[in-house]
Amino acid sequence: MKKTASVKTRITIWYTLLMFVLTIFVLILVSILSYRLSIDNIEKDITLQVTQISEKIAKHRINVFETVDNEKEFRNVSLYERSGKYICGQYVYDVASIEFKPGTARKETINGTSYIVYDVLCHGIPGEHGGFWIRGVESLSSTMFLKNSAIVIILVTIPVILLLTALGGYYITKKAFLPINGIINTANNISVQNDITERITIPHEAKKDELYNLSLTLNKMLDKIEILINREKQFTSDASHELRTPVSVILAQGEYMLDIAENDKQKELAQNIVDKAKQVSKLISRLLLLSRIDQKRQKFIKEKVNIGVLADIAADNLKNAASEKNITIITDISEDIIIDADETLMLSVLTNLVSNGIKYGKQDGYVHISAFSNGDKVQIMVKDNGIGIKEEDADKIWTRFYRIDNVRNDEYGSCGLGLAMVKSITELHGGTVYVKSSVGHGSEFILSFNKINP
Ligand code: ADP
């Protein structure tokens with residue numbers, strides 16, 4: 001499955017991109033507006049200076065530059081003869097070559113430098129026949145400098161703003177999503193450790209937001225589920241207890257009837273009763289064991305258990321069943337394979353697996369029990385060359401009362417609790433169990449336990 005970025009990362013990326021676009025947009029807008037504004041100001045300033053000069057000249061009939069030389073307010077103005085020859089005032093070499101044009105202030109670029117130029121044609125003083133030009137001019141280089149500085153500022157600020165947005169956004173979303181991590185961890189713990197008592201931790205200082213409410217609601221839901229599961233476990237346990245005595249009575253009386261049966265028909269009927277009563281009695285003991293493990297009431301005495309010895313006992317217990325199908329049980333375990341376990345429970349694990357190997361094994365087949373130690377683990381394998389298990393059933397066979405083929409299994413007197421018991425006992429010992437199987441070729445059940453510390 002394609003790995004997608006976390007919600008935190010996606011939100012952070014989205015806000016950072018949005019911030020990027022917004023910052024670029026705002027900075028470009030601001031720099032365009034401020035550039036336009038400063039050009040407007042220059043144009044106004046130049047126009048004012050030129051107008052004032054022309055008014056002074058007209059009013060006083062004098063060349064103002066001769067009387068008030070270098071006057072600050074006329075710093076951008078100069079006078080030219082009508083032919084374009086410079087008379088006085090501010091002189092810019094490049095600008096002197098620009099053609100005179102009456103009208104409004106305009107932008108001219110010469111030798112790579114831009115200027116705002118404003119020309120006015122006047123008559124009378126300063127003493128030239130046919131009038132003279134007043135030219136106001138200001139270079140745009142300082143404005144361009146400002147514009148370039150703005151670009152540099154933009155280029156420096158954007159990464160800083162973006163970094164702050166990304167870090168801030170990630171930090172805030174990470175904090176906001178912390179309760180979600182709590183929910184995920186709790187769900188994981190419940191599914192991995194099967195511990196329904198686990199709850200989502202809600203810190204005292206947690207903000208009472210939607211995630212807080214979600215955590216509270218989930219905790220309440222888990223409370224309800226726990227009550228229901230416990231009730232169901234209690235029911236299974238109570239029902240099994242209640243059934244134990246009547247089934248023992250039926251079994252005892254069935255066996256008595258078998259003893260006193262006078263003909264084959266009676267024998268057959270009594271045998272049927274005995275077989276079914278044994279099957280129900282086995283089912284009840286398994287149910288009781290499972291519910292004790294579930295309710296953590298199963299007493300188990302851990303001792304050093306020699307797997308080789310247990311495998312031999314299991315093989316011996318099942319030799320009659322194996323011989324019915326001419327199945328060979330091979331035990332191949334060295335003496336040093338020892339684990340810390342409850343001997344009775346571990347024997348029932350091996351007995352169940354070997355018994356399944358026989359039940360679902362082929363005529364003249366084999367069941368092979370082996371074990372080896374691997375690092376700090378001990379692995380026990382029970383392998384058969386029987387009918388095998390379909391891949392889609394490999395996960396389901398551990399479920400209580402799950403039987404792959406109900407009709408076929410009835411022939412074997414199965415109840416679908418054997419492997420559930422194997423799994424529960426294995427996990428009770430801190431071990432794991434899984435199956436490798438191929439239809440028509442056989443199955444191998446692999447158990448793994450911690451090696452005993454010498
Ligand atoms: P059952 O009492 O039905 O044997 P189990 O829990 O022991 O219950 O097994 C569950 C199902 O898994 C069985 O019904 C059977 O179909 C399948 N199964 C178990 N062991 C083997 C095996 N060694 N080979 C093939 N199928 C198996």
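Modeller: Buried residues, those under 20% relative accessible area with a 1.4 Å probe and only protein chains counted, make up 37% of the 454 residues in the chain. This is a predicted model, in which local features need pLDDT of at least 70 and side-chain atom pairs count only at pLDDT 80 or more, while totals for chains, interfaces and linings use all residues. Residues are numbered from 1 along each chain as its sequence is written, and side-chain values use heavy atoms, with hydrogens and water left out.

The chain has a radius of gyration, taken over C-alpha atoms, of 49 Å, whereas a compact globule of 454 residues would have one near 22 Å (2.2 Å times the number of residues to the power 0.38). Its C-alpha atoms fill a box of roughly 160 × 45 × 45 Å along the principal axes. The secondary structure comes to 11 helices and 12 strands, which are DSSP runs (helices H or I, at least four residues; strands E, at least two) numbered from the N terminus.

The residue to look at is E444, in strand β12, residues 442–450. Beyond its neighbours within four places in sequence, E444 is in contact (heavy atoms within 4.5 Å) with M381, V382, K383, Y434, V435 and K436. E444 is buried yet has no salt bridge. A salt bridge needs a side-chain nitrogen of Lys or Arg within 4 Å of a carboxyl oxygen of Asp or Glu. The nearest side chain of opposite charge to E444, K436, is 4.1 Å away.

Technical notes
Buried means under 20% relative accessible area, exposed over 50%, partly exposed in between (1.4 Å probe, protein chains only). Lys and Arg count as positive and Asp and Glu as negative; His and the chain ends are not counted.
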